[in-house]
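Here are a few notes to read alongside the structure. Have a look at it first, then go through the points in order.

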Amino acid sequence: MSEQKKTLTQGFKPGEFFQKYTMIIALVVVTIVFALWPGKQGLILQPANLTGLIAENGYVFILATGMLLCILTGGNIDLSVGSVVCFTAAVGCTMMAAGANMWLTVLVMLAIGLAIGAFQGFWIAKIRVPAFIATLAGMYAFRGFSNVVLNGYRVDIANEQFLMLFGNGKSSYIPDVIRQGIPSLDTVFTKDNAFLSGLIGQNFVTKFNLTCMCIGLIAAIAFVALKVHKILSQKKLGISQSIPGQIISTVVISVLVLWVSFKLACYRGFPMVLIWIALVLGIYAYITTKTAIGRHLYAVGGNEKATALSGVKTRNVFWFAYANIGLLAGLAGILTAGRAKGIDPVYGEGYEMDAIASCFIGGASAYGGTGKVSGMIIGAILMGVINKGMIIVGVDANYQKVVKGIVLLIAVMFDVLSKRQKR
Amino acid sequence: MAKILLEMKNITKTFPGVKALDNVNLQVEEGEIHALVGENGAGKSTLMNVLSGIYPHGTYEGDIIYDGQVCKFSNIKDSEKLGIVIIHQELALVPEMTIGENMYLGNECGHKFAINWNKTYSEADKYLKMVGLEESSKIQVKTIGTGKQQLVEIAKALAKKARLLILDEPTSSLNEEDSRALLDLMLSFKKQGMTMIIITHKLNEVSYVADKITVIRDGTTIETIDNHGKEPVSEERIIKGMVGREITNRFPKRENVKIGDIRMEIDHWTVHHPLYPERKVVDDVSMYVRQGEVVGIYGLMGAGRTELAMSIFGQSYGVNFSGELKIDGQHVKLRKSEADAIKHKIAYVTEDRKGNGLVLSQSIKVNTSLANLGAISKNTVIDGDKEYAVAEEYRDKLKIKTPSVEQLVGNLSGGNQQKVLLAKWMFAEPDILLLDEPTRGIDVGAKYEIYCIINDLAAAGKCVVLISSELPEVLGMSDRIYIMNEAKIIGEMPANQATQENIMAAILRSGRGA
C-alpha cells in the first residue's frame, strides 16, 4: 500500500492533467482561435473588449453562483431567476424614479429577491413541489408582475451614484488614486519614455491606470501565497497531491490575473462590476468549500437519505439554496438595471439558461453532489468569450445561439466521457 | 464424465492500475451447480461480467469456450442469445411496471411495432408457474415482497431461454425461509438439466447446493473443490481457501466484560407503517440495554427489526408513535428529529450502506465527519486540517484499506465502505449504537474485523444493539438476545442459554400462535 501512496504523490500524469483541466484548455484554445481570426487578429484581446466581456457577463457570474448551489442539492435548477431579475429591477427603478434613496432602493431590491427565493424555497423544501415546476411557476408570475410594475413601459435610472456603483458608464471604474495622488508620475508615463511605452504600448501609456495594475498585482500575490500555504499544509499532513499540476495551475492563474489587470489598466481601469463579481465568487467559493452548510449542499446532492439520517435537516438545505439564489437574483437585478441605465419589461429573459449552462459547462453534475465555484467561473468565461468572439468576427445572431447549444452539448459530453473512463 | 459446457481459460483483466483477474480458469460441466466463492473484491463479479459480455471481447485476455465454441461477446445480447443469463445481486426490476412487463423488458413479445400483450402475459404466467410463484403476471412488481421479486428475476431469466444461469448473491436480501426455497428451486432446475453458477457469501448455502466450488482469491483461482464426497465440504474448509488461513474462531473473544446499569430502555413501543397507518410495524415492544452490553436482536427479514431501530433513532421511520423512551432513567420526549437522537448520543448504523448510509460521490474524509461536523468546525467554518486528522485516525483505528482518505467512498469495496460507515458513527461519539446488519454482504476477513470493533466498543462502555438475520452472528457476539417476529418481541434469553434450535423454535411457536 505504501507503494500506491507514493505513485499518487509522485510524478506528473499528462492524462490526468488534461482530464482535470479540460475546460481551461478549451477556453485557451477558443480564445486563441478568435484572436487569430483572419482580419480580426487580436481584436478580442483589446482592452475595451476585455472590459466589455466582464461588464456584459456580470449577471451570468452572479446567477450561476446561485444556480450552482441549487444544482449541487441534486440537479435542481431555478427557472425563475430571469423573471426575478426583471422584477427586482422594475421595483428598484420605479422607486428611484419616484425619488427614493439609492441605498434604501438597493436594500429593498435585495430583500425582495431574498423574499421571492424563500417563498419558492418554501414550496420546494417544505411542500416538496418539484423545483422545476415551482420555479417555472415563478418564471411566469414574476414576468407578469414586472409588467404590472412597469405598466409595460421602460423606466430609466437617473441616480448617478447608483449608475456609478453598479453601472457600466465611464464613471463606473475605480479611480486611479495612485496617479491622482502623485501627479509627477504623468511625466514618467509618456510616449517618450521608450521603456514604458515599449512595455505598455504607444496608445495606452499616457492613460495607464496604475491603481488597477496594483490591485491585480496584490491579488496575484495573495493567490500565490494562499496556494503555497495550502500545498505546504497538505504536505505537512501527508495528503497526496500532484505538485507539478498545482504549480502549473497556480502559475497560469496568477499570470492570467496579472494579464487581465494589465489589459484593464490600459483601458479605463478596474470596473466596479468586477468588485461585485469578485466579492460574490469569493464568498461562495468559501461557503461551498469551508463551511458546514456548504458541506450539507454536497451531501444532500450525493445521498439525501444518508444525509438526513446523519442528523442534517435536509429541508433547510434546500430552502437555503433557493432563498440564496433569490438574493443573488436581486443583486443581478441591480447590476442589470445599472448597466442598462433602466429596465425594460423583457429584460432578463433567458438569463436562467445562461446560468444553468455555465454550471454544467463548468463540470457540475446534473445529478447533484459535485461541482465547484471555480469550474463554474471557467464555464461562464468560456460562454462569454464565445459570445463576444462571435460578435467580433460577425457571426449571424441566430447562429450564435446554435453555437452556444453545440458548445454546451460538447462540454457535457467531455465531462461524461472522462468520468466514465475513471470507473 | 459429463460434457464441459463452459470453460474460461487464462482470463486476465486489467483496469487502470489494478489487475482484477490474473490467469483465472473456470470449468463448468453441463447440468451442475457451480459455486464461485471468494472475499469481496476477489474478482468474482468481474469474472462474470467478462463472461456475460459486459466487458466485451478485446478488453481482456484469455478465451471463453462455451459449448465447444470460442466466444467473442461484444455485449450482453450476444451472450444471452447463447443462453448465458446473469441475475445481478441488486434486483433490476421496475417497481411501477407489472411482472409481465418486467419479464419481457427489452425482449418484448410480438411484432416490432406492436407488443402482443396476451402472449406476453400468458407466457409470463407459464414461467411464473415454473418458479413456483403464485401471482398473476399482471400485478405491479412493487406490490410483492423481495423474495417474490427474486423469483420474478429468475422467471425473467428463464423467459430468455437460459441454458447457463448465473446468480450473483441471489439470497443476500432474502430471509432464511425464502433462501431455502430458492436453493431448492435451483436443485429442481438442476434435475431438469439446467447449468448454474452461484456467487454467494453464505457458505452453508454453498455446501447445500453446489456440486463444485471454485475459490477465487486476489484475482486468481485458488482451487476447485468437489462437493460429491460423503460428507458435505465443511465451511471451515472453504474459508481456509478464501482467506488463505484457517479461521478457528469466527467470533473474537470478548475481554473484560463489565456490564453496568441500564442506559436505554423502551416501554410499550409501538410504531405504525408510514404508508398504511393501520398496520403496526413495531408492536408493543419493551426492551433495554445496559452499559457495556451487546444485545442481539434476531429476527427474520420483515420482522420489524430495522423499523424498531429507526423509530428509536429520532423517529426516522414510521408514524403514530406511542410508548416511552428512557435514557439513563430519564424520560425522553418524543420528537421527529435525527439531530435530536444524535444529541442524546444514539447512533443508527443502517443496513443499507449505499442507500441510507454513505454519500458515495464524496471522500472518506467527508463521510467520516458528516454526522458530527460541529466537532471539527468553529462557527460553522470547517477546520480542514482537523477533519483530515480525524479521518486518518479512524482509518488507522478501523484498518480501512485505502491509499488516501481523499478516496471517493464509491470506489471502495463493501467491507471498507462498512468500516467508513462505522467510522462516521463512532466519530459522532454515541453511547448507544444501533447496528443494523453491520456485516451484510461483506467477506469473512472484514466481518472478523467488524466483530473486533464491536467488542472494543462494548469494552469502552458503549451499549451496542446488534441486529442481524444471521443466527451464528447473534449467538457468537451477544450477551443477551431478543427474538423478534411479526413486529413483536417474542422472547429474550441470555446468550449462554441460546442455541440455534431454541431460537428457531421460539419463532415457530409464535408463528403458530398468531
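How many residues of chain A are in contact with chain B, and how many of chain B with chain A?

1. The interface. The count is 27 residues of chain A against 27 residues of chain B, where contact means C-beta atoms, placed from the backbone, within 7 Å. On the chain A side, helix H1 (2-9), helix H13 (210-237), helix H16 (292-302) and helix H17 (304-309) each supply at least two residues. H16(A) gives the most, with six residues. By class, this side of chain A has eleven nonpolar, eleven polar and five charged residues. Here Ala, Val, Leu, Ile, Met, Phe, Trp, Tyr, Cys and Pro count as nonpolar, Asp, Glu, Lys and Arg as charged, and the others, Gly among them, as polar.

2. What you're looking at. This is a predicted model, so to speak of local features takes pLDDT of at least 70 and side-chain atom pairs count only at pLDDT 80 or more, while totals for chains, interfaces and linings use all residues. Residues are numbered from 1 along each chain as its sequence is written, and chains are lettered from A and ligands numbered from 1 in the order in which they are written. Helices (H or I, at least four residues) and strands (E, at least two) are DSSP runs, numbered from the N terminus.

3. A helix pair in chain A. Helix H3 (residues 22-35) packs with helix H20 (residues 373-393) at about 15°, the axes being 10 Å apart. That makes H3(A) roughly parallel to H20(A) (an angle under 35 degrees). Among the residues that meet are A:Leu27 and A:Phe34 from H3(A), and A:Ile378 and A:Leu382 from H20(A). This contact has 13 nonpolar, four polar and no charged residues.

4. The sheet in chain B. Six strands make an open sheet with mixed pairing, in the order E18-E21-E22-E15-E23-E24; strands pair if DSSP finds at least two bridges between them. E18 and strand E24 (488-494) of chain B are the edge strands, each pairing on one side only.

5. Both ends of that sheet. E18(B) pairs with strand E21 (residues 432-436) of chain B in the parallel sense over four bridges, and B:Ala347 has B:Leu433 as its bridge partner in E21(B). At the other end, strand E23 (residues 480-485) of chain B runs antiparallel to E24(B), joined by six bridges. B:Met484 has its bridge partner, B:Ile489, in E24(B).

Notes
Two residues are in contact if their C-beta atoms, placed from the backbone, lie within 7 Å. Axes are lines fitted to C-alpha atoms, for helices over the stretch in contact, and angles run from 0 to 180 degrees between N-to-C directions. Angles under 35 degrees count as roughly parallel, over 145 as roughly antiparallel, 65 to 115 as roughly perpendicular and the rest as oblique.
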